[in-house]
Amino acid sequence: MFSYFKEYFDFRVLFICLALVIVGLICIYSATFDINNAANFHRQALWAGIGFIIMIVISFVPLRTLQRLSITFYFIAIATLVIILVVGSTVKGSKSWFGLIGLGGQPSEFAKITTVLAFASYISKTDVSISKVKHLFISLGIFAVPMFLILAQPDLGTTIVFFVVLLPLLYWAGASNFILVSILVPILTAFGALLGTTYFIIAVAIGAVLLYIFRENKFTVAVAFGIMLAIGLSVQVMYESMHVYQQKRISAFLNPEADPLGAGYNVVQSKIAIGSGGFFGKGFLKGTQTQLNYIPEQWTDFIFCVTGEEFGTLGASIVLGLFAALLLHALRVASISRNRFSSLAAIGIMGIFGTHIVINTGMSMGLMPVVGLPLPFLSYGGSSLVANMIMAGLLMNFYANRKEY
Amino acid sequence: MITDDKIDVSSRRRILTIVIIVVFAILFLRLYHLQLLSYSEFGKKSEENSVRVVIKEPVRGYMFDRNDRLVVDVGPAYTVTVTPASFDTNNLVFLSSLMQVDPAVIKERINRGRTYSRFSPVRILRDIDFKTLSKLEENLYLLPGVNYEVESKRLYPFGKCASHLLGYCKEITDEQLKQTGTVYQQGDLVGSSGLEASYETFLRGEKGYEFISVNSKGQLLGSLEEGRRDIPSKEGFDLILSIDFGLQAFAESLMTKYRGALVAIDPNDGGILAMVSKPDFDPAIFSGVTSSKVWTKLNTDPDKPLFNRATMTRYPPGSTFKMLIAAAALEEGIINERYRITCRGSFRFGNRIFKDVHVHGSVNVVQAIQKSCDVFFYQLILKVGLDKLNEYGRRFGFSKSTGIDIGEETSGLIPSAEYYDRVYGKDKWTQGNLVSLGIGQGEIGVSPLQMARYVAVFANNGTLIQPHAVNSIRNKRTNRIDIIDHKEIPVWLNYDVMRMIREGIRRVVEEPGGTGSLARISGIVSAGKTGTAQNPHGADHAWYVGFAPFDQPRIAIAVMLENAGYGGTKAAPIAGMVMEKYLFGELRRKVIKPVSAVIPRDTILLKTTEKGEH
């Protein structure tokens with residue numbers, strides 16, 4: 001019995017998740033106990049319990065069942081996203097919170113998982129190859145549909161996650177470097193367009209060079225270059241036609257330090273919180289930045305600065321270390337898995353976790369623009385936590401079934 | 001994967017491992033850069049950080065009476081605050097000597113606040129006087145963490161007047177805080193009785209936020225960016241009441257000797273003109289700081305001054321209930337105008353004898369109301385029966401709440417068959433229980449407010465109005481006035497039925513032999529009915545209900561005086577004077593001195609043996 005568990009039960013993921021959830025609960029308690037008597041803490045603890053059960057259940061579902069159901073789940077998720085766009089209640093200017101029996105659920109959290117599973121399921125079909133144009137476009141389409149539905153909410157952060165996750169997935173599926181570059185360069189020019197004409201020209205030039213280096217044939221290079229220019233120029237036009245306040249928001253997004261009391265306020269305060277923590281931190285419930293509520297809704301997207309301020313480099317390093325271990329473990333599961341579906345899905349899950357972790361902590365430390373993305377397992381939010389537990393459960397499942405073809 | 005030869009798993013794994021390691025190396029380096037290399041810079045920044053948000057309390061809405069006189073005002077109050085994190089507990093004794101309060105009180109409040117947040121100021125003493133304030137100000141530099149803020153408190157230009165109706169605010173309780181979410185903070189005042197409570201959402205306004213620069217000790221340096229980022233507080237809405245405060249004050253002056261209540265209502269729209277409950281309290285004691293001593297005293301007073309007798313008492317209405325019995329019997333066709341009985345001064349039911357005060361001889365329904373003949377109604381209720389009594393009781397608004405906008409009220413009780421089954425047991429009660437209901441005695445319980453609404457039905461020829469104290473709400477920001485709609489329910493009484501009852505109660509006041517002649521208003525015809533409710537615990541409660549002028553009524557009234565004796569001698573003159581004052585704007589009659597007992601008593605107590613059997 002014990003040897004069976006040792007062989008097939010993924011203790012590593014279980015330990016990492018539990019450790020991160022506990023750190024998250026401590027930080028949420030600290031950030032909210034004076035605001036609403038730690039009501040958020042109690043709710044999050046409840047969701048952690050529910051999520052834990054879901055995680056264990058998912059880890060025991062037969063792999064074939066998962067693979068078979070993934071397309072169904074994908075279409076359910078798409079349907080839900082459409083329903084929200086039509087009837088969804090608007091919370092903080094974004095239509096993603098689903099009023100379901102009084103519970104706020106965010107379907108885009110689950111759409112990420114179902115999209116990854118659907119992609120993996122499609123690519124792992126025996127007659128499908130990423131190097132065929134038709135199959136490539138179908139697999140890109142699997143990503144594009146939920147991505148645009150989420151962008152229409154509008155939820156920029158989750159859209160970025162979809163985009164970033166696509167890269168390692170295509171890479172793992174065996175896509176050529178040219179395809180990867182073709183997807184990457186339009187982002188580059190779009191950013192260039194937002195920063196100004198000079199940057200735009202530089203980005204176009206770099207893009208052209210990259211496409212040339214990884215070229216396959218003249219036709220595809222021309223198409224990729226055209227798409228890149230079109231996206232860059234349309235961003236440029238969109239920016240010009242925006243209201244001044246919208247432009248201001250974008251410039252604060254790209255350079256928060258310029259307006260420390262306006263749009264960049266959160267980043268400046270977050271950096272002060274983390275920076276003033278020092279090596280050992282200020283101690284539990286003793287972080288002045290946290291307790292004085294300098295950062296609005298710190299328990300959601302800026303939870304990492306509670307860790308940094310109250311538990312210092314020591315605490316923050318442990319959290320980052322756990323995250324790194326989680327990603328490396330997901331990569332290991334993907335590598336040792338004999339099943340193409342679970343291997344690709346593990347890479348997708350690694351991508352989702354990785355994007356969230358890097359953007360969120362990078363944002364808290366002033367390395368990244370402010371994008372509303374929760375930190376996995378730590379940030380307050382039921383649907384986010386449950387979605388993360390589901391992904392952890394999937395990793396456990398893939399580990400247990402790694403020898404299955 | 002292994003089957004797919006084209007994909008070299010190990011090389012791809014190596015590349016991705018390198019990507020992960022590089023990305024995390026950047027994150028770790030950034031973390032060390034912030035926390036170890038820039039620690040001194042950020043540590044200092046966090047210490048002198050700088051921006052603090054101060055909540056600006058909104059000015060609570062005012063209240064005006066129907067003639068636009070300001071009746072509930074707002075004035076400044078100085079509140080001492082302590083920030084637990086920066087307060088030196090060695091200063092506790094010094095601070096309490098300045099404030100002249102027990103150190104334990106301050107300590108308890110600081111500790112309570114500390115459990116919420118050590119860094120936000122706790123209000124420890126409200127509404128300090130100017131002398132204390134100046135002493136505090138002189139010593140403020142010795143007391144880090146201590147400060148004061150200007151809040152608003154209630155002022156009452158009319159003094160102790162309409163206290164129960166207006167209500168008061170109290171500090172929010174922990175339970176309320178849990179329920180209301182983020183709207184309130186600890187220490188906030190919240191309307192907790194009367195209009196202050198029921199119109200809390202309109203009165204309270206919206207909190208403002210001010211961004212100020214402070215140093216690490218929390219001392220004020222100045223406003224941030226000249227206040228450009230501040231969000232000003234928004235004033236609460238004003239209430240425009242239906243109350244006439246001149247009339248209210250006059251009515252209160254007539255009631256000072258009594259325990260009881262008076263409700264004057266406009267029978268056309270249901271607006272309360274005056275609502276008195278005696279004994280009362282001074283609402284000003286709640287506007288600043290309320291010591292627990294005062295609070296305990298008010299709460300334990302046997303006269304219950306905090307209790308709104310106008311809406312919360314549940315006494316039998318006595319003979320004032322007879323119109324309802326008559327209305328039920330006439331409307332249902334059980335009797336008609338020609339129906340007469342002969343009153344010999346008592347009524348025998350089974351082996352019990354129910355007495356009347358007088359021998360009225362042969363009376364019809366109009367005369368029975370006029371003379372308040374008990375024997376007539378003893379017999380009538382047996383014909384009407386319990387079910388019809390209940391049906392008509394509900395039609396006239398009894399045994400349910402009136403929906404008045406001041407919140408606290410009793411729904412009262414009209415006993416039904418189920419009620420008797422429950423109290424006495426099935427088949428353990430007889431029709432004999434019914435007899436005393438015929439003259440408004442027994443288990444019937446009504447509030448003075450219900451009675452005013454009931455008599456207004458006869459005033460306005462058949463409409464059950466919705467009593468209310470607020471006519472409209474004024475938004476001072478937009479100057480928009482919203483008039484509140486009130487529902488009116490038709491009682492559906494036949495024209496002839498209404499005419500007969502109105503004639504009966506007109507005669508009560510205007511004709512010789514009526515019991516309500518002391519309510520008479522010279523020059524104006526009015527109608528009314530007296531009542532004397534038996535009370536097993538002491539002297540009778542006196543009732544009077546009425547309205548005036550008879551043809552186009554402008555005021556309907558109910559007066560109830562606890563243990564005062566006869567309705568005709570005690571309650572009727574008060575009702576008459578209040579109506580006279582309202583209709584003429586002044587009192588024309590001389591205040592009537594207590595009258596000798598020549599006025600006929602309208603009801604007698606049931607014999608004690610019967611009472612025992614109830």
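Q: Over which residues near the end of chain B does pLDDT stay under 50, and how many contacts beyond four places in sequence does the model have for them?
A: This is a predicted model. The pLDDT stays under 50 over residues 593-614 of chain B, and the model has 38 contacts beyond four places in sequence for that stretch.

Q: Which elements of chain B have the lowest and the highest confidence?
A: Confidence is lowest in helix 21 of chain B (residues 608-613), with a mean of 30. It is highest in strand 23 of chain B (residues 555-561), at 96.

Q: What about residues 1-6 of chain B?
A: Their pLDDT is below 50. This stretch has eight contacts in the model beyond near neighbours in sequence.

Q: How should one read such places?
A: Where pLDDT is low, the predicted coordinates should not be read in detail.

Q: And what does chain B average?
A: The average pLDDT of chain B is 84, and 89% of its residues score at least 70. For the complex, the predictor gives an ipTM of 0.91 and a pTM of 0.58.

Q: Let us turn to helix packing. How do helix 4 and helix 6 of chain A cross?
A: Helix 4 (residues 63-87) and helix 6 (residues 133-151) of chain A have axes that come within 10 Å and cross at roughly 20°. Angles under 35 degrees count as roughly parallel, and therefore helix 4 of chain A and helix 6 of chain A are roughly parallel to each other. The crossing is left-handed.

Q: Which residues make that contact?
A: Helix 4 of chain A contributes A:Ala77, A:Ile78, A:Leu81, A:Val82 and A:Leu85. From helix 6 of chain A come A:Val145, A:Pro146, A:Leu149 and A:Ile150. By class, the contact has nine nonpolar, no polar and no charged residues.

Q: How do helix 8 and helix 10 of chain A cross?
A: The axes of helix 8 (residues 177-195) and helix 10 (residues 218-240) of chain A come within 8 Å and cross at roughly 25°. That makes helix 8 of chain A roughly parallel to helix 10 of chain A. Helix 8 of chain A passes helix 10 of chain A in a right-handed crossing.

Q: Which residues are involved there?
A: On helix 8 of chain A they include A:Phe178, A:Val185 and A:Leu194. On helix 10 of chain A they include A:Thr220, A:Ile227 and A:Tyr239. The residues of this contact divide into twelve nonpolar, six polar and no charged.

Q: Back to chain B: where does B:Val54 lie?
A: B:Val54 lies in strand 1 of chain B, which spans residues 51-56.

Q: Why does B:Val54 count as partly exposed?
A: B:Val54 has 16 other C-beta atoms within 10 Å. A buried residue has 20 or more and an exposed one 12 or fewer, so B:Val54 is partly exposed.

Q: Which residues does B:Val54 touch?
A: B:Val54 touches B:Glu210 and B:Ile212, not counting residues up to four places away in sequence. B:Val54 and B:Gly208 are 154 residues apart in sequence, with 8.3 Å between them in space, C-alpha to C-alpha.

Terms used
Residues are numbered from 1 along each chain as its sequence is written. Chains are lettered from A and ligands numbered from 1 in the order in which they are written. This is a predicted model: local features need pLDDT of at least 70, side-chain atom pairs count only at pLDDT 80 or more; totals for chains, interfaces and linings use all residues. pLDDT is the predictor's confidence in each residue, from 0 to 100. Helices (H or I, at least four residues) and strands (E, at least two) are DSSP runs, numbered from the N terminus. Two residues are in contact if their C-beta atoms, placed from the backbone, lie within 7 Å. Axes are lines fitted to C-alpha atoms, for helices over the stretch in contact, and angles run from 0 to 180 degrees between N-to-C directions. Angles under 35 degrees count as roughly parallel, over 145 as roughly antiparallel, 65 to 115 as roughly perpendicular and the rest as oblique. A crossing is left-handed if the near helix is turned anticlockwise from the far one by less than a right angle, and right-handed if clockwise. Ala, Val, Leu, Ile, Met, Phe, Trp, Tyr, Cys and Pro count as nonpolar, Asp, Glu, Lys and Arg as charged, and the others, Gly among them, as polar.
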